[in-house]
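These notebook entries record what I looked up in the structure shown below.

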Amino acid sequence: MSVFKRSPWIIHYDASSCNGCDIEVLACLTPLYDLERFGIINTGNPKHADIFLVTGGVNSRNEAVVRNIYSQMPDPKVVVAVGICAINGNFFAECYNIRGGIDKVIPVDVYVPGCAARPESIIDGVVQALEILERKRTEFERYRPARVVNGSHESL
Amino acid sequence: MIHILLGVLYLVLAPVIGGLLDGVDRKLTARMQRRIGPPILQPFYDVAKLIKKQNIVTNRLQNPFIISHLVFAAFTGFLFFEGTDILLIVFVLTVSSIFLILAAYSSNSPYSYLGAERELLLTMAYEPMVLVALVGFFKVAHSFHFYSIVTSGKPMLLYLPGIFLGIFFILGIKLRKSPFDISYSHHAHQELVKGITTDFTGKTLAMQEIAHWYETVYILGFVYIFFSFTPVLGVVLTLFVYFLEVVIDNVTARLKWEIILKSTWVVTFVFGFLNLIPFYLVTVR
């Protein structure tokens, strides 16, 4: 098994969610579900993270934040949209300030439905994201990406 | 010659032992919180993954600083187990930690800055106690050399109980444990705790982690000096001290930096200096 599957680190961001899904995400860390037994850590720092867990439908205020966090994560990385709001905005979709889904802002790899998404389905989503992370890693190694220095790309 | 071999052995084995200790620590922590916890080899998986990740560098100086941090951390332990003057070793260790602080300062992130400032404060907090301990070792063993101290056969723990307590107090700072983990922590806290490593990615973070493993083993070697009069039991007792540190990590919350600085200095002056006074009145034979 690849090391990427053994140690996926997560960053969790609440993009105008009602907090229901966020509570379920944090429930995954409790002794009952214990995500750390898979080596999964909630880092709180985009530069250490491999998986971006986003909840909520993204409004015009935090759209830039979501983009910022995504761009700060080093490759390879995957995005998991947690909850129905993160998929299509759900009943907030018609609001004037709601973008209606994470994929309107950044590319999403795994969608976890539910209102709120159950911890079991969140863990399942993360495990599916690991497969995609593994695929992205092989692509990443094939194309030998440029190292980023001072925000601009330069070759190694 | 045998000592140089021991030093080289340290360079090879210390990351393995340090990583395993870290893994055991995480497992113990999980069990104490009634979780299953990650596998014992988890720290190695983490580092292997970090090496394969993309390296985002916010300042070109960052990597040279971190490489120096790693090299000096490894060099400290090498000198220690090779048996050089213990005074020199403490200065090399300080150089190593200063490079880590510089690496954090080289980034523009405010969190990184704050982490670096807190790390400087922690260095200020623990350094006096280490120096007092060195004086204590000299007063008892009449030597600054690691092997002379260890083979002197003097029960350091009985001669220097106050200094041992002081070293035990600051151990949490060097092992990055609660309640002193204000600049960086391994656990899933968030906010400022990722402080000093905020802008480290991929290989840079992996190097910092390996340097920490080197430091862990070296510091436990320092603790071992107190138990060196019974070599086998000494190793067991040193590991027990590490276990106590894990317990303390789990039952305490982070302190404010003012309290950390005041309490470590009070402990240094009360336990450290009081312990030294008798040695200036009576010479140990």
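**Strand pairing in chain A**

I began with one bridge: A:Ile10 has A:Asn42 in S2(A) as its bridge partner. The model is predicted, so I noted its limits: local features need pLDDT of at least 70, side-chain atom pairs count only at pLDDT 80 or more, and totals for chains, interfaces and linings use all residues. Residues are numbered from 1 along each chain as its sequence is written, while chains are lettered from A and ligands numbered from 1 in the order in which they are written.

I took helices (H or I, at least four residues) and strands (E, at least two) as DSSP runs, numbered from the N terminus. Two strands pair if DSSP finds at least two bridges between them. S1(A) and strand S2 (residues 41-42) of chain A are parallel and share two bridges. I use right-handed here for a path from the first strand over the helix to the second that runs clockwise, with the strands pointing away from the viewer.

I then looked up the other neighbour, strand S3 (residues 51-55) of chain A, which runs parallel to S1(A) and is joined to it by five bridges. In S3(A), A:Ile11 is partnered by A:Phe52, A:His12 by A:Leu53, and A:Tyr13 stands opposite A:Val54. S3(A) and S4(A) are likewise parallel, with five bridges; A:Ile51 has A:Val78 as its bridge partner in S4(A). S3(A), helix H3 (residues 63-72) of chain A and S4(A) form a right-handed β-α-β unit.

**The sheet and its burial**

I recorded the order of the open, parallel five-stranded sheet of chain A as S2-S1-S3-S4-S5. S2 and strand S5 (110-112) of chain A are the edge strands, each pairing on one side only.

How many residues of S3(A) are buried? Five of the five are buried, so S3(A) is largely enclosed by the rest of the structure. Buried means 20 or more other C-beta atoms within 10 Å of the residue's own, exposed 12 or fewer, and partly exposed in between, with C-beta atoms placed from the backbone. A:Ile51, A:Leu53 and A:Thr55 point one way from S3(A), and A:Phe52 and A:Val54 the other way. In a regular strand the side chains alternate between the two faces of the sheet. In strand S1 (residues 9-14) of chain A, five of the six residues are buried, so S1(A) too is largely enclosed by the rest of the structure.

**Helix packing in chain B**

I fitted axes as lines to C-alpha atoms, for helices over the stretch in contact, with angles from 0 to 180 degrees between N-to-C directions. Helix H1 (residues 2-32) of chain B packs against helix H10 (residues 231-251) of chain B at about 45°, the axes being 10 Å apart. H1(B) and H10(B) are therefore oblique; angles under 35 degrees count as roughly parallel, over 145 as roughly antiparallel, 65 to 115 as roughly perpendicular and the rest as oblique.

I next found that the axes of H1(B) and helix H9 (residues 202-227) of chain B cross at roughly 90° and come within 8 Å. H1(B) and H9(B) are therefore roughly perpendicular to each other.

B:Ile259 is exposed, with 10 other C-beta atoms within 10 Å.
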